[in-house]
There are 8 protein chains.
Amino acid sequence: MNEENIRRLLERLSLGDISVDDAVTTLRYLPYEDIGFACIDHHRNLRRGHSEVIFGEGKEADDIIAIMNRMAGKQENIMITRISPDKAEKVLKVFPDCIYHKRAGLMILEPCPARISGRGTILVICAGTSDIPVAEEAAITARFMGNEIETVYDVGVSGLHRLMAHRDKMIKASIIIVVAGMEGALPSVVGGLVDKPVIAVPTSVGYGASFKGISALLAMLNSCASGVTVVNIDNGFGAGCAASLMNRK
Amino acid sequence: MNEENIRRLLERLSLGDISVDDAVTTLRYLPYEDIGFACIDHHRNLRRGHSEVIFGEGKEADDIIAIMNRMAGKQENIMITRISPDKAEKVLKVFPDCIYHKRAGLMILEPCPARISGRGTILVICAGTSDIPVAEEAAITARFMGNEIETVYDVGVSGLHRLMAHRDKMIKASIIIVVAGMEGALPSVVGGLVDKPVIAVPTSVGYGASFKGISALLAMLNSCASGVTVVNIDNGFGAGCAASLMNRK
Amino acid sequence: MNEENIRRLLERLSLGDISVDDAVTTLRYLPYEDIGFACIDHHRNLRRGHSEVIFGEGKEADDIIAIMNRMAGKQENIMITRISPDKAEKVLKVFPDCIYHKRAGLMILEPCPARISGRGTILVICAGTSDIPVAEEAAITARFMGNEIETVYDVGVSGLHRLMAHRDKMIKASIIIVVAGMEGALPSVVGGLVDKPVIAVPTSVGYGASFKGISALLAMLNSCASGVTVVNIDNGFGAGCAASLMNRK
Amino acid sequence: MNEENIRRLLERLSLGDISVDDAVTTLRYLPYEDIGFACIDHHRNLRRGHSEVIFGEGKEADDIIAIMNRMAGKQENIMITRISPDKAEKVLKVFPDCIYHKRAGLMILEPCPARISGRGTILVICAGTSDIPVAEEAAITARFMGNEIETVYDVGVSGLHRLMAHRDKMIKASIIIVVAGMEGALPSVVGGLVDKPVIAVPTSVGYGASFKGISALLAMLNSCASGVTVVNIDNGFGAGCAASLMNRK
Amino acid sequence: MNEENIRRLLERLSLGDISVDDAVTTLRYLPYEDIGFACIDHHRNLRRGHSEVIFGEGKEADDIIAIMNRMAGKQENIMITRISPDKAEKVLKVFPDCIYHKRAGLMILEPCPARISGRGTILVICAGTSDIPVAEEAAITARFMGNEIETVYDVGVSGLHRLMAHRDKMIKASIIIVVAGMEGALPSVVGGLVDKPVIAVPTSVGYGASFKGISALLAMLNSCASGVTVVNIDNGFGAGCAASLMNRK
Amino acid sequence: MNEENIRRLLERLSLGDISVDDAVTTLRYLPYEDIGFACIDHHRNLRRGHSEVIFGEGKEADDIIAIMNRMAGKQENIMITRISPDKAEKVLKVFPDCIYHKRAGLMILEPCPARISGRGTILVICAGTSDIPVAEEAAITARFMGNEIETVYDVGVSGLHRLMAHRDKMIKASIIIVVAGMEGALPSVVGGLVDKPVIAVPTSVGYGASFKGISALLAMLNSCASGVTVVNIDNGFGAGCAASLMNRK
Amino acid sequence: MNEENIRRLLERLSLGDISVDDAVTTLRYLPYEDIGFACIDHHRNLRRGHSEVIFGEGKEADDIIAIMNRMAGKQENIMITRISPDKAEKVLKVFPDCIYHKRAGLMILEPCPARISGRGTILVICAGTSDIPVAEEAAITARFMGNEIETVYDVGVSGLHRLMAHRDKMIKASIIIVVAGMEGALPSVVGGLVDKPVIAVPTSVGYGASFKGISALLAMLNSCASGVTVVNIDNGFGAGCAASLMNRK
Amino acid sequence: MNEENIRRLLERLSLGDISVDDAVTTLRYLPYEDIGFACIDHHRNLRRGHSEVIFGEGKEADDIIAIMNRMAGKQENIMITRISPDKAEKVLKVFPDCIYHKRAGLMILEPCPARISGRGTILVICAGTSDIPVAEEAAITARFMGNEIETVYDVGVSGLHRLMAHRDKMIKASIIIVVAGMEGALPSVVGGLVDKPVIAVPTSVGYGASFKGISALLAMLNSCASGVTVVNIDNGFGAGCAASLMNRK
């Protein structure tokens, strides 16, 4: 390890194996590696259960397969985000053990599935059926990162009774991800009902003045319910990551 | 009136008092007056109870007083919108019978108050205490135009129980005006609870990404509850007028 | 019924059949069902004439058919919005009694057509021929919900005489829906001519600085004619629903 | 003048007073002066009637007085735009012959008023009383530049009969400037009634979603009446200049 | 004619053929027809040279052919705007005398071409080769409406010498249409060089922060050269119409 | 309390003190109170340490004092947000035990300060000195809600070494709030260095194209570091609340 | 050349071959040619190494080939920007010596490659792999214009250690081009680490609230690191040109 | 210095004065200090001539004086940006040797003025007189950082001859800063005339659709002249810094 390297260098110096000048030269480049060290450590945490994330968008199926081949020997869990059905098909031919979550556009290879390590359950709620793909992206991401998840779909604010029927799940959850398009009101309502961290995910669902999610995004940023934080439009993956971090013991 | 004038003209023609040429010349200009007639008729409807509206914004106190003087003899009811306290004070010195609604920025002179003529009650709901001025503008406008009004204030979506406590009023109302700033979610919630026309009024209340009401406006336009229509930001007067028209028998 | 349930519970308690603790536990979950009750009641109102609305956008033909199958036995009227010709064709194969309104993108199955129950006629006006699909969506929705409708198309403000020729229809209507793209001026002109509730529907018709309907939307929100309310861009369905609610006796 | 200078230079060369090298060096710098020549010529045209325009905004009263002093000896007509009452007062003390148009924020010194030289009358129409300052800026600018003007104020689209009453003036005019805020619909209506060049001037009048004139600007750019061109928000001066150029014989 | 009808009605009244009541009833509906009259007159002016314009965008080839068939007998000139090559081909099969201007997306049928009736030449300038389609739309429209046109293409501000080489044409023209995308600076430069009405046409040419023409549009609205007016993005047709109106004798 | 009330009601019913009808009538209104119950419970959680929050913005000093008087007897902790110095002064005259945090615009009355109950430390980092008021609002809010806080100010991305010097605090914290204006890059950098929940708070600090915080807001929403969530512009209070919820054991 | 022409004219004048009048007439048109001269000179500088740039976007393969044919005889280097693979293929058939850089969408024909003439190395850094096409466009453009280039890709701010590993290259470079999408934070970080001119290139990479590069653009314009300047979204070519100009000796 | 410290540590280790463990512990914190080192070095370069910059905006006069006191002993040159006249007055009382540039809002204390060290002259051009404050900020900043500067003011594109008259200065300069508001066309014109790096500075000068500089900003980003880069609206200081970096030998 890095600290190991420094220690070895210093031992060699204290033993007279290398000169002070040599040591200075070597150390000059250390800092950045050390920052790297911090990051690697961080990455290791992210990879709990030996997981790795590949952003599929903008990558060819061949690129993805190449990256997976490099990791495959290491028995690592791999998740590929935003991968289209046709690319998924190509990857599946090479890695038939992969599972493809079509609605979420996620593909997962889990030789040793992440053990559940979070503090509690992450609840994913969405307003309409069109919001489900984003909600699924969030839910599967959170589960992949070692969290217990629960989902409640199609409970928009125009029919509050549907939401209320799931009161228990909201009270039981440790973190709630709320996914909504159109007027984006659901996170405010949920945030007013429970005292849990609420991660609001605006979706590009809607038409006209929904402006591909801007309307929902603004509504969520202006939520009158304190305790609501927001991620980018359609960013289910980001919400899943953030929830996973919040759910650490 | 106008039709009278035409009739008199034609009678004079049929009596030979004027020539066909003279009549043609006079009639040439009639059409537009006739449209005017349609509009005057319309205005008369608007003025049920002999009411008149003066837009106070951008007018000096002296201008307002001058306009009021011209009407004063006619025993008409007069409402002045968006009039600031200092202008109101000047007007009150000349017309001490006026009543100034400070929060709503409205001034009213009602020698013969409008009799209640609407189909039912217009309910005005607002989300936060800062939305009250706009809500009051709507409520007083609607009452001035001859409607029974009821108000429920400070019942934002982050505490649904406050709204639910007024369930009966919502069910009883014929039209509901819902005033909200910030994330503008209240009209969607109200629209989902009752099957009444809901007029949503976004307010410029909020900060940061509320963008002086744009956020609330967009949310309302994208409401998932069908039956919700929207007016301009802070336009309580417009909501009151629209509700009054909808409430006609 | 719900109230029935409560009464029965209380009777059992007063009879000593159940303990106070049991009753408390049961009552704990009641509220939300009760809200549900309110909503169901509301839904029943919406479904006057046993009608049901399916949002077609984003649903596969198979999904739509599945939903329709579940309802079909109940002799309910069904309307499917925003359904494309190819999906419509698939649905028609299964439900040959459906009528597909191509321009409006609406499909309707009406075993027992809604009886006309509104207060008066809903008039749908549009500015240009390109606005007709949205106007049709509004008109057919309103009719489906039990209203008499009348339509006046292609009467934009650049040729006022075309609009004026339909003066009688405007005066006769109880609610007017005005559909326009580009500069969106028509609702202001109509709102100035008659004292009826005007529902303005901006369309995405236009190019360049029309910004897919934003220009028309803003113009309508800023209408100098009071009594005009606005729905989302291209939202003919919403306008039809709102008009139907306003037209209730 | 410039051409004079060139001629004199060439004469001196042809007389042998200067060498070819000297002439080349001098001519090297001519081009840009010559462009200047073109521009000066252009300016002379602009200054028909010996007029000069000073943009008052952002200039101190002393700056304005200094510029005026430099011109004063030349018997030129001077117009100062966007000059506030307090600055105007200071200027009036030094140039008591100036006339200050308070509503338009314009000040004019006309030792020899421009003679009317345009092809016809420029008609300035505005929608509401709040639009009058911009309309006046346009009208006075056009008159200052030697055009006959006529004005029709407060004839917004919500009361078409008021506009129609001035049909004759519209038909008689050679150019029409239409000033409107809020929904900016008036130019479309005027453009539909007459076949004259219409210059649309959006104003920042309105509130909420008028966005300080953006709403009116967009409506005007999207006018369904062909023949309408647009200037910047509140730019009465620009409209007056453009109309004056269009009105040239 | 309309005035004829009124006269005849009045004569019948003065002769006692009809009663005053009958005359009042008839006159009640006249106004709007009379406005229509004004408009028809206006249309006749627009159609100088018996021309008619069909907006091709959003119309099927069959619709266009149907409209043309109705006019064809009348020996009218017809222009179809924004017609795509495939639709044009279909129309050409039915009306082989049509001429299709592919770059401009315009089709013209001219049994009796408009005689040149404008005051002077309309000059169309564009900044880059990508702006030519819009420039052509403007130029052909203006010629179709009876104006002499001249064109100067590909003279953007980053190479002023190219523009300067056409100085004479600018000085000779009566109206100048300037078409530009990207930073939209050309109208300001042209407006500074000549004292002619300049109609600026922003195009959607550019990428990134050109925002499909918004950047050019804003630049043109803010032109420091007075006398510049602006039309909608890519609106060559509108510029051609406006220039034609300005060019009337 | 509420559940108490229900129990007592039921006991009275089971004892025959009241009839079933009476009980039904009473229970009819319960549901909403029961939701209120949920909310009150939630509020109680929020108020850990008996705290209460008053939004000071838009309230007069007298309003604030009135609200405080009502609570004062209950020995509750009170925090007033967005209270200006002059209002604060007035409140301090009545409640001299209040502490006014001028930079944060917060006033606090803590008869029994909240005991530290969170899982770990909440670290508040800000980019520039101008961001400190918002950072302080976040920090003081979080502390008021019973969390240990640490602050690191003025460590913007243009001098990464300043941030790096506080590596230990970042690693030690359980939640990190990152406050930044201008380009809003700091949360991305922090989010890349540690695997903690990062709450990004954009501020309105900056000029020109910072657009009062929009620039920073967008940057934060688009953060390439997963695990970052965002609150409204300048919303230090919201960030403090959210962090407090995330920090619950 | 131009100056030659003038000299010859003057010599003819001084010899009496032509009259002063003739000379004046000729000189009248010179200026613009002379500006042209200045520009040609400028162009020659741009073309150091006999290079020419053709903007491929919006040009057909045949157009490009035609332009290349005209130049081909002159042994000039030619670069074609934004040329798609299918067009490139067609060009390659005619000019098989061309090299096509697919990722950058650039094609180059270099009979005599530009000799390196800049002051130092231009370093091109990009944040993510999706930004590489724009980065390549910048790098290849700069090299084509005679500069030494170095590239460092995929070093986004969420993993600073990757950037730090290239510290030496940053210190060694004379100009740094930094390409980034999403939150656009990289130029601020780079600008804070070195005292070199930094040209920031926002890319349209990202989704949701990245708004096709606006988010990155705003972040870069608001960079807290002084010394950063910005070009248009995805404008790698512009960045390469600007860097080349800055790198002149 | 830092490297010194490391060396000394290592020497002590190699001498056995400290243990390897101690050295490791110490080195652990070094990296970040070392990055700091890089930055300090960078800062030293920025401070050529011992200069320091204080951002005056948002700082009280007392804060500024305090900072200046800390530096004053070190004979450093100090520049304070965006300092208002009243604050400047207070600072001048304590530091009477300061020079206050009122138009630019800059204050400078130069015990030992920076010696001119740049490669060439930095030319600052501005379009209108209202742009001068921003231009002065750029010019004085560049001079303060050791560059020769030249200024050309009030040469907007609507009168190109004024710009052309300064051709020589443009050709002579090594870097050109072009400052413009309104339509922001000047940088494109200048960039087309010379082959120098052009830094474009949009200003908030203008009204209506200039949107406080957005219009000019967009125009500059879309400049058709390659080689133009852009800084934030009104950011004269940033332009001066960037120009200074580009002007390094």
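This is a predicted model: local features need pLDDT of at least 70, side-chain atom pairs count only at pLDDT 80 or more; totals for chains, interfaces and linings use all residues.
Over all chains, the structure holds 40 salt bridges. One of them pairs A:Arg248 with F:Asp195 at 3.3 Å, N to O. A:Arg248 lies in the segment after helix H11 (236–246) of chain A, and F:Asp195 lies in the loop between helix H9 (186–193) and strand S8 (198–202) of chain F, so this pair joins two chains. Both A:Arg248 and F:Asp195 are buried.

Within chain F, a salt bridge is formed by F:Arg82 and F:Glu137, with 3.5 Å between the closest N and O atoms. This pair also links distant parts of its chain, the loop between strand S2 (77–81) and helix H5 (85–94) for F:Arg82 and helix H6 (residues 132–144) for F:Glu137, at a separation of 55 residues. F:Glu137 is buried, with a relative accessible area of 3%, while F:Arg82 is partly exposed at 24%. In chain A, a network of salt bridges links A:Glu57, A:Arg82 and A:Glu137.

Helix packing was examined in chain H. Helix H6 (residues 132–144) and helix H11 (residues 236–246) of chain H pack at an angle of about 35 degrees, and their axes are 7 Å apart. The crossing of H6(H) past H11(H) is right-handed. On the H6(H) side, the contact involves H:Val134, H:Glu137, H:Ala138, H:Thr141 and H:Ala142; these meet H:Gly236, H:Phe237, H:Ala239, H:Gly240 and H:Cys241 of H11(H). By class, six residues of this contact are nonpolar, three are polar and one is charged.

Positive phi values in residues other than glycine were found in chains B and D. Phi of B:Met182 is near 45 degrees, and that of D:Met182 is about 45 degrees. B:Met182 is located in the loop between strand S7 (175–180) and helix H9 (186–193) of chain B; D:Met182 is located in the loop between strand S7 (175–180) and helix H9 (186–193) of chain D. B:Met182 counts as partly exposed because its relative accessibility is 30%, and D:Met182 counts as partly exposed at 29%.

Key: Residues are numbered from 1 along each chain as its sequence is written. Chains are lettered from A and ligands numbered from 1 in the order in which they are written. Side-chain values use heavy atoms; hydrogens and water are left out. Axes are lines fitted to C-alpha atoms, for helices over the stretch in contact, and angles run from 0 to 180 degrees between N-to-C directions. Helices (H or I, at least four residues) and strands (E, at least two) are DSSP runs, numbered from the N terminus. A crossing is left-handed if the near helix is turned anticlockwise from the far one by less than a right angle, and right-handed if clockwise. Contact means heavy atoms within 4.5 Å. Ala, Val, Leu, Ile, Met, Phe, Trp, Tyr, Cys and Pro count as nonpolar, Asp, Glu, Lys and Arg as charged, and the others, Gly among them, as polar. Buried means under 20% relative accessible area, exposed over 50%, partly exposed in between (1.4 Å probe, protein chains only). A salt bridge is a side-chain nitrogen of Lys or Arg within 4 Å of a carboxyl oxygen of Asp or Glu.
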